[in-house]
Amino acid sequence: MVDRIETLIEKKLIGQYISMNFIENKTFELWSAFMPRRKEIKNPINTDLYSLEVFPVGHFDNFDPGNSFQKWAAVEVLDFNEVPSQMKTLIIPTGLYAIFIHKGPATEAHKTYHSIFVEWLPNSEYTVDERPHFAVMSEKYKKDDPDSEEEIWIPIKNKI
């Protein structure tokens, strides 16, 4: 199920975020605000879009879908020399990630996440690490198209 495991080298992102939880999903609101403004970011590395979750430390220890986290819409940039007004910066630190490919409409991504957290992760030699989780939406991403693809990056560390 896992496509690959790789050490991500630090990434710099510029974007916007909103506080939300899994019960009150505000992803649509976030992306609706970000997409019209993304061209204001002058130094993107490529055209990929990043959908990130920054969870508080211990979020998954006693998981509660009502617990808040930051949901980001962002692009990777060369540096933070020019940050558009009302946008924020985020650094994804270097670390180990398990990468999965979700194929199909975005509305079905929950099935891929379920497989990751209920099937793959508990049976692997890894546990979730305290770094951002994210999806990379490249030119293969087509939102609700059945042929859409996105990469899901889960931060991991060896079980102790």
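Two strands pair if DSSP finds at least two bridges between them. Strands themselves are DSSP runs of E, at least two residues long, numbered from the N terminus.

What I have today is a predicted model, in which local features need pLDDT of at least 70, side-chain atom pairs count only at pLDDT 80 or more, and totals for chains, interfaces and linings use all residues. Residues are numbered from 1 along each chain as its sequence is written, and side-chain values use heavy atoms, with hydrogens and water left out.

I start with strand S8, residues 133–137. Which strands does S8 pair with? S8 and strand S3, residues 49–54, are antiparallel and share 5 bridges. With strand S9, residues 149–158, S8 forms 3 bridges, also antiparallel. Val-136 takes part on both sides: Tyr-50 stands opposite Val-136, and in S9 its bridge partner is Glu-151.

Is S8 buried or exposed? Buried means under 20% relative accessible area, exposed over 50%, and partly exposed in between, with a 1.4 Å probe and protein chains only. Because 5 of the 5 residues of S8 are buried, the strand is largely enclosed by the rest of the structure. On one side these are His-133, Ala-135 and Met-137, and on the other Phe-134 and Val-136.

Next, His-102, in strand S6, residues 95–103. His-102 has 2% relative accessibility, so it counts as buried. Contact means heavy atoms within 4.5 Å. Beyond its neighbours within four places in sequence, His-102 is in contact with residues including Glu-108, Ser-148 and Ile-152.

Methods. Helix = DSSP H or I, 4+ residues; strand = E, 2+ residues; numbered from the N terminus.
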